[in-house]
Amino acid sequence: MRTAIGNGTTEKRLRGRDLDRPFHGVRADGPVRSLRNRCISLTAVMAEHHVFSRTTAAQLWRMPLPTSVDKEELHVTALGARGRIRRAGVVGWERQDADLERYHVADLPVLGPADTWCGLSVVLTREWLVAVGDFLLSGERSDRGRELPLCTTENLDEAVHRHGARRGAAALRWALERLRCPVDSPRESLLRLALVAGGLPEPEVQLAVATAGGTLHGDLGYRAARLLLEYQGDEHRRSRKRWLQDLTRIQLLEDAGYRVILIGADDLRDGASALIARIRRHLRVAD
């Protein structure tokens, strides 16, 4: 408020009912609803050593997160442990290491992607840590192609070392050994882990198949058994264009001599036991 008054805004204006009050001491001309606008508003009362972290940084980096994670509270870390921020709707953290790498995403101070991943270890399951880590190593996939990955394996390994013995260290080490790339979606990661947990050999990610329509890549597959596993998310159902593309894609893969198993969210429930039994039968036949 003092900054606003110093810039010529009167105290009476700051008490206007038309102004939004996203945080104590912060006023905005209109409703502050989006994550980016809420973060921008909070920067008005953040110090130089404050950076967005944990789930807030993960969203700014566009990392996939499960729906169960609280995405409303903003997480801010004080680097060098020089005083955490205290505001309603904000979770403040401290890190002794003041030299952690910081970036600017959408003009906002954000902890680096590798250290952000480590911070997620207190809110995510080990399996979801793998899913997010796969995303960081693979790069975001869109209609325009695949973006450059946010991290390398070395980046994540160094971040886990910096994390040390803090809470979540064991989960991070477990996840680090199971990261793979390229992977197109968190569900593919969760499926891969479920199959291995069920006693199956680990499938190959993005298995390349030469078809009459060019080289296609199965989400997961067993090359020797000529078996492909394709995860079908909601986008495959909602888009007629995507549905027609899937039909052509599956036909090309099957014409190339591969059996294709389509998998949905229901197949992953209860440990994916029915799916695992089905895949096991196919692998036995192939042997």
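1. **Aspartate 115.** Aspartate 115 sits in helix H5 (residues 113–119). Helices (H or I, at least four residues) and strands (E, at least two) are DSSP runs, numbered from the N terminus. Aspartate 115 counts as buried, at 5% relative accessibility. Buried means under 20% relative accessible area, exposed over 50%, and partly exposed in between (1.4 Å probe, protein chains only). Leaving aside residues up to four places away in sequence, aspartate 115 touches Leu100, Glu101, Ala159 and Arg162. A contact means heavy atoms within 4.5 Å.

2. **Basis of the model.** This is a predicted model, in which local features need pLDDT of at least 70 and side-chain atom pairs count only at pLDDT 80 or more, while totals for chains, interfaces and linings use all residues. Residues are numbered from 1 along each chain as its sequence is written, and side-chain values use heavy atoms, with hydrogens and water left out.

3. **Overall make-up.** The protein has 12 helices and 11 strands. Of its 287 residues, 45% count as buried. Take the contacts between residues at least 6 apart in sequence: 53% of them join residues at least 24 apart.

4. **The largest core.** How many residues does the largest nonpolar core have? The count is 44, and Phe52, Trp117 and Leu156 have the most contacts inside it. Helix H6 (residues 126–138) supplies the largest share of this core, eight residues. A nonpolar core is a set of buried Ala, Val, Leu, Ile, Met, Phe, Trp, Tyr and Cys residues joined through side-chain atoms within 4.5 Å. Leucine 156 touches Ala114, Trp117, Gly133, Leu136, Leu137, Cys151, Leu176 and Leu179, not counting residues up to four places away in sequence.

5. Why is strand S2 (residues 74–79) described as largely enclosed by the rest of the structure? Six of its six residues are buried, so the rest of the structure largely encloses it. Both faces are covered. Leu74, Val76 and Ala78 are buried on one side, and His75, Thr77 and Leu79 on the other. Strand S1 (residues 50–52) runs antiparallel to S2, joined by three bridges. Histidine 50 stands opposite alanine 78 in S2. Strand S3 (residues 90–95) runs parallel to S2, joined by six bridges. Here leucine 74 stands opposite valine 90 in S3. Two strands pair if DSSP finds at least two bridges between them.

6. **The S8–S9 hairpin.** Strand S8 (residues 204–211) pairs with strand S9 (residues 214–222) in the antiparallel sense, over seven bridges. A hairpin of two residues joins S8 to S9. Threonine 211 stands opposite glycine 214 in S9. Threonine 211 also has a C-alpha atom 9.7 Å from that of glutamine 251, 40 residues apart along the chain. Glutamine 251 lies in helix H11 (residues 240–255). Its relative accessible area is 43%, so glutamine 251 is partly exposed.

7. **The second largest pocket.** This pocket has a volume of about 300 Å³. Of its 17 lining residues, Glu127, Leu190, Leu193, Ala194 and Ala197 are the closest to its centre. H6 and helix H9 (186–197) are the elements that give two or more residues to the lining. H9 gives the most, with seven residues. By class, the lining has nine nonpolar, two polar and six charged residues. Ala, Val, Leu, Ile, Met, Phe, Trp, Tyr, Cys and Pro count as nonpolar, Asp, Glu, Lys and Arg as charged, and the others, Gly among them, as polar. On a 1 Å grid over the protein atoms alone, a pocket is an open set of points where a 1.4 Å probe fits, with protein on both sides within 12 Å along at least five of seven lines; lining residues have an atom within 4 Å of a point. Grid points are joined across faces, edges and corners, and a volume is the space filled by probe spheres set on the points.

8. **Backbone points to check.** A cis peptide bond joins cysteine 181 and proline 182, with omega about 0 degrees. Proline 182 lies in the loop between helix H8 (169–176) and H9. Aspartate 107 is not a glycine, yet has a positive phi of about 65 degrees. Aspartate 107 is in the loop between strand S4 (102–105) and strand S5 (108–111). Glutamine 206, also not a glycine, has a positive phi of about 50 degrees. Glutamine 206 is found in strand S8. Buried or exposed? Aspartate 107 is exposed, at 67% relative accessible area, whereas glutamine 206 is buried, at 10%.
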